[in-house]
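Hi,

Here is the model I said I would pass on.

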Amino acid sequence: MDYLQIKGGAKLQGSVSISGSKNAALPVIAATILSDKEVTLTNLPNVVDIRTLLKLLTMLGAKVTHEGTQAKIDNSSIHSTKAVYEIVSQMRASILVLGPLLARFGECEVSLPGGCAIGQRPIDLHLKALEAMGAKIEIIGGYVRAEAPDGLRGAKIIFDKITVGGTENIIMAAALAKGTTTIINAAKEPEIVQLCKMIRDAGVEIEGIGGSELIIHGTDRKTLDFQPTKIIPDRIEAGTYLCAGAITKSAITLTDVNPEHIRASINKLESMGCTFEIGNESITIHPPQTIKPVNLITTEYPGFPTDMQAQFMAVAVMANGESLIEERLFENRFMHVGELNRLGADIWLKGNIAAVHPVKALYGADVMATDLRASSALVLAALVAEGTTNIHRIYHLDRGYDNLEGKLSALGADILRLKEPARS
Ligand code: EPZ
């Protein structure tokens, strides 16, 4: 197993290219199931979660060639509609194959993803919506077994809660359903917009793209012919590098980024004293000498993203006053608090609110990554901690950050990936 060793205190400089978005690529890969022709995807990030989903498609019978940032996926040879526990337990986003498999083949079995480090994360809203579209669903032996032998039919879906994955699953299911599906209270994330545009460009009429009401006119099981699709830039990776600039008080430039997608993070960093030069596909951050505290509440796009909460907490630790951070999406997304406190942070938790008190300095220590974004918060804190920080269990980081140590070290950070000593 690998760990990261970071010696804090280095200034960063230069520019970093932002990779394709993991959370956009995953539904796009799942959507290729709606086609029986080869689909070309480009700008894929080099992260474990992408390889996991491509492996799942291969297990279903797809032919996949994946090289660098490009994959060609041919789903004409799918011979199984069962997404097995071994894969789904590695990555809960595997549930995204449920909608497209059911819509195209009229049946599928997908292992039920359990809870995860950040919360229970049920999929009840996905299942309820598919039932409204005519699916018969049973949970047997830890699997969701879904059937719609005559195909899914359009329906009016009102999500009780905004769900990114639920919206994606239903958009994909609706694309091949018979008739029109209306999704009310749909998620509006840029990743959803990319999925809608990909499906629309394959001939499915979709109204309301980017809004909270989507109307999808299904093809009645006629499979789709997708255009080559370039994955949008990763807004969470971009936000994480902005935080790296802020916490190390270094001016750095992000390229291959969509500034519009990270408006909420930019606004918060501005309130902390940072200034920005914003181009069409680039952003330069100019941090202040003294970071101001921040108050933030996580919410759905275009609000402040839960996926940036941990990184902002790391930056807030170095501010000159108390910050308040409220997590509204996931009930357990504060696992980084204990680890940041091991580095000398002074963070108090009450329910879903964290009070971050200012400290003069952080000090290197051994810490443990607990989930993807929590891990990146530890990396940020380690960049300014005095001495050496060893971050263990970085397989979490590898799931979602493309070449994090390579990119940070090119910016000037003192960061090494090392092997844990073998335990006897
Ligand atoms: C997506 O997860 C992202 N994952 C997450 O990013 C992100 O944190 C999350 O959206 C919120 O923005 C991918 O895109 C692959 P949800 P998802 O369904 O779709 C509740 C990262 O770090 N809910 O929008 O699973 C749920 O428990 C990851 O890259 C139900 O109650 O999130 C949560 O409280 C982590 N029932 C809220 O809704 C359901 O059926 C939002 O979850 C579905 C969700």
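Four helices, α1 (22-31), α5 (124-132), α6 (164-175) and α12 (372-384), each give at least two residues to the shell around the ligand. Helices here are DSSP runs of H or I with at least four residues, strands are runs of E with at least two, and both are numbered from the N terminus. Before you go further: this is a predicted model, where local features need pLDDT of at least 70, side-chain atom pairs count only at pLDDT 80 or more, and totals for chains, interfaces and linings use all residues. Residues are numbered from 1 along each chain as its sequence is written, and side-chain values use heavy atoms, with hydrogens and water left out.

Back to the ligand. It has 23 residues around it, and the closest are Thr163, Val164, Gly165, Asp307 and Leu329; a residue counts as near if one of its heavy atoms lies within 4 Å. The shell splits into 11 nonpolar, 5 polar and 7 charged residues.

Which residues make polar contacts with oxygen atoms of the ligand (pairs of N or O atoms within 3.5 Å)? Aspartate 307 has a polar side-chain atom 2.5 Å from a ligand oxygen. For threonine 163, a side-chain N or O atom is 2.7 Å from an oxygen of the ligand, while glycine 165 uses a polar backbone atom, also at 2.7 Å from a ligand oxygen. On its own the ligand has 830 Å² of accessible area, and the protein covers 88% of that (Shrake-Rupley, 1.4 Å probe).

Now the sheets. One is open, with 4 strands in the order β18-β19-β21-β20 and mixed pairing; two strands pair if DSSP finds at least two bridges between them. At its edges are β18 (295-297) and β20 (346-350), each with a single partner strand, so one side of each has no neighbour in the sheet. From one strand to the next the twist averages 15 degrees. Strands β19 (residues 323-326) and β21 (residues 353-357) run antiparallel and are joined by 4 bridges, with isoleucine 325 partnered by alanine 354 in β21. Lying across β18, β19, β20 and β21 is helix α10 (residues 309-317), at about 25 degrees to β21. Contact means heavy atoms within 4.5 Å, and axes are lines fitted to C-alpha atoms (for helices over the stretch in contact), with angles from 0 to 180 degrees between N-to-C directions.

There is also an open sheet of 4 strands ordered β10-β11-β13-β12, again with mixed pairing. Its edge strands, β10 (156-158) and β12 (205-207), pair on one side only. β12 pairs with β13 (residues 213-217) in the antiparallel sense over 3 bridges, and glutamate 205 stands opposite histidine 217 in β13.

Two backbone spots to check: tyrosine 301 and proline 302 are joined by a cis peptide bond, omega about 10 degrees, and proline 302 sits in the loop between β18 and α10. Aspartate 220 is not a glycine, yet has a positive phi of about 55 degrees; its place is the loop between β13 and β14 (229-230).

Cheers

Conventions
Polar contact = N/O pair within 3.5 Å; in protein donor to acceptor, adjacent residues only side chain to side chain. Nonpolar A, V, L, I, M, F, W, Y, C, P; charged D, E, K, R; others polar.
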